[in-house]
Amino acid sequence: MRPCAARRPRPESFPEQPLQSLSGPAIPLGQTRQLPSGRDMRLSAYFLPVLKETPSEAQIVSHRLMLRAGMIRQASAGIYSWLPMGLRVLRKIEAIVREEQDRVGAQELLMPTVQSAELWRQSGRYDAYGPEMLRIRDRHEREMLYGPTNEEQITEIFRDLAKSYRDVPRMLYHIQWKFRDEVRPRFGVMRGREFLMKDAYSFDLTPEAARVSYYKMFVAYLRTFARMGLKAIPMQAETGPIGGDLSHEFIILAETGESRVFCHKAFLEKDPLAQEPDYEADLEPVFKDWTSHYAATEDVHDPAKAAELGDDLITARGIEVGQVFYFGTKYSKPMNATVAGPDGQPILLEMGSYGVGVSRLAGAIIEACHDDAGIIWPESVAPFKVGLVNLKSGDADTDAMCEKLYGELAAAGVEALYDDRDERAGSKFATMDLLGLPYQLVVGPKGLKDGVVEIKARATGARDTLSPEAAIARLTA
RNA sequence: CGGGGUGUAGCUCAGCCUGGUAGAGCGUCGGCUUUGGGAGCCGAAAGUCGUAGGUUCGAAUCCUAUCACCCCGACCA
């Protein structure tokens, strides 16, 4: 447990070395300026460049809100820095992805971003991939590339290190930055050139076994997106340049989605989290259940088939947040990735790959969850659970109560961002609404006179007036 | 890659047509007054006008080139 933040001195109480702006008078040699702890989540000490106005380059809502809420900063076209607030969200998304991958039995590793061209020549994709691949040369004029994906790399690893049928099946994944030199990056982190992706790879002995892996990952994906508060609908997909013959895209519905999608309204009623998954059981019925209804992107849309749904048809816009592929021996064959079978004969590995757009999800979740005032984070990915709003910084009673509540939240392990700035109430409310933390704990002198504080739920706007003790009880429940 | 557009203060923009000492609002910093939904007044700091050439006595403004970014389309986790 972290030390209780409330016991830390407030900045203005540092007697010998008051905080100054970085351009202020020089600090005498031998002295170090007191810096806020990396765990001090007081807005007065936090690096959170909130923008009141919308930067002109941002057109879609998630991009605008991410810039305004101080989550990201564009470095160049399609390439972003993640500022502290944005990184917290990215890490939350990662954590959910990681938990569900681990739960399905995938094992995490980490492969490099820079790969050798030689590797890609083995699969034949070095020439096939086109200008989307960022090609670079090292000082020895060796041809390298910044990986747009990792099939070749994982296949080489598995080929060279897994020798026996006993080493199969395995599922491996990593969460690593990718680069695809999109002709036209746009929509902020939703279509960046550099993006963070979870990519998993399955290795099996037979097509039947590979299907089992595919089903497992399919279910893991349903759970992953549901835990982020998203309705992700698996849709039949074309396999594209990665190849193979079984593939689904996971699409979330959002007004600002990139493509039109069509699906049966039954999907909206389904809840992947209704029961605990049993990955040892036969998952084909689950898979069939989720793929029996019509669901198609514009590319593969069949109007005649869709028309049969009548009133059950939903026409909407969608954002792809993940895709799963079974592609058999597409890579194992050219790269000669085999293991020895029980009879000593080599068996070509049956493979699948499974991607989740981790950085894209940050934008996609905002597209799905926002209002005019700002972001509305689902609790599972919120950068903080609670925004503690001090309505009158400098008022002794209000400050004391805020410090107490902040300390109690910290002690209970509840992530809270404390707005202790000397700002007006309206400005603080607007900032909190913009940031979109699930709960605002509002403390002001008027309420304290009656011994009460206020909790506002960001999603509904509902406010409850209650005692500080009851507020803490509710927020730490 | 085709088509269109924009580069002026941290952000949003005006000024350019018709060349003559760089502007506003917001934000930032200081002061006073305020204080429950983006406060008011006073003061201050802050821009080699994307870059490089050219025309001119003089260029943010006119010309040429170039770079960057954005939008529409085709392409894509």
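I began with α2 and helix α9 (residues 358-368), whose axes come within 9 Å and cross at roughly 110°; axes here are lines fitted to C-alpha atoms, for helices over the stretch in contact, with angles running from 0 to 180 degrees between N-to-C directions. The helix names follow DSSP runs (H or I, at least four residues, for helices; E, at least two, for strands), numbered from the N terminus. α2 and α9 are therefore roughly perpendicular to each other, the class for 65 to 115 degrees, with under 35 counted as roughly parallel, over 145 as roughly antiparallel and the rest as oblique. Val 89, Leu 90, Ile 93 and Glu 94 of α2 make the contact with Val 358, Ser 359, Leu 361, Ala 362 and Ile 365 of α9, contact meaning heavy atoms within 4.5 Å. By class I found 7 nonpolar, 1 polar and 1 charged residues in the contact of α2 with α9; Ala, Val, Leu, Ile, Met, Phe, Trp, Tyr, Cys and Pro count as nonpolar, Asp, Glu, Lys and Arg as charged, and the others, Gly among them, as polar.

I kept in mind that this is a predicted model, in which local features need pLDDT of at least 70 and side-chain atom pairs count only at pLDDT 80 or more, while totals for chains, interfaces and linings use all residues. Residues are numbered from 1 along each chain as its sequence is written, chains are lettered from A and ligands numbered from 1 in the order in which they are written, and side-chain values use heavy atoms, with hydrogens and water left out.

I then looked up the other helix against α9: the axes of helix α1 (residues 61-68) and α9 come within 8 Å and cross at roughly 110°. That makes α1 roughly perpendicular to α9. Val 61, Ser 62, Leu 65 and Met 66 of α1 meet Ala 362, Gly 363, Ile 366 and Glu 367 of α9, and this contact divides into 5 nonpolar, 2 polar and 1 charged residues.

Next I followed α2 (residues 84-104) to helix α6 (residues 207-227), where the axes come within 9 Å and cross at roughly 150°. That makes α2 roughly antiparallel to α6, and the crossing is right-handed. The α2 side of this contact includes Ile 96, Val 97 and Val 104, and the α6 side includes Met 217, Ala 220 and Tyr 221. I recorded 6 nonpolar, 2 polar and 6 charged residues for the contact of α2 with α6.

Last, I checked the backbone. A cis peptide bond, with omega about 0°, joins Val 168 and Pro 169, and Pro 169 sits in the loop between α5 (151-161) and β7 (170-179). Glu 141 is not a glycine, yet has a positive phi of about 65°; Glu 141 lies in the loop between β5 (134-137) and β6 (143-146).

How values were computed
Left-handed = near helix turned anticlockwise from the far one by under 90°.
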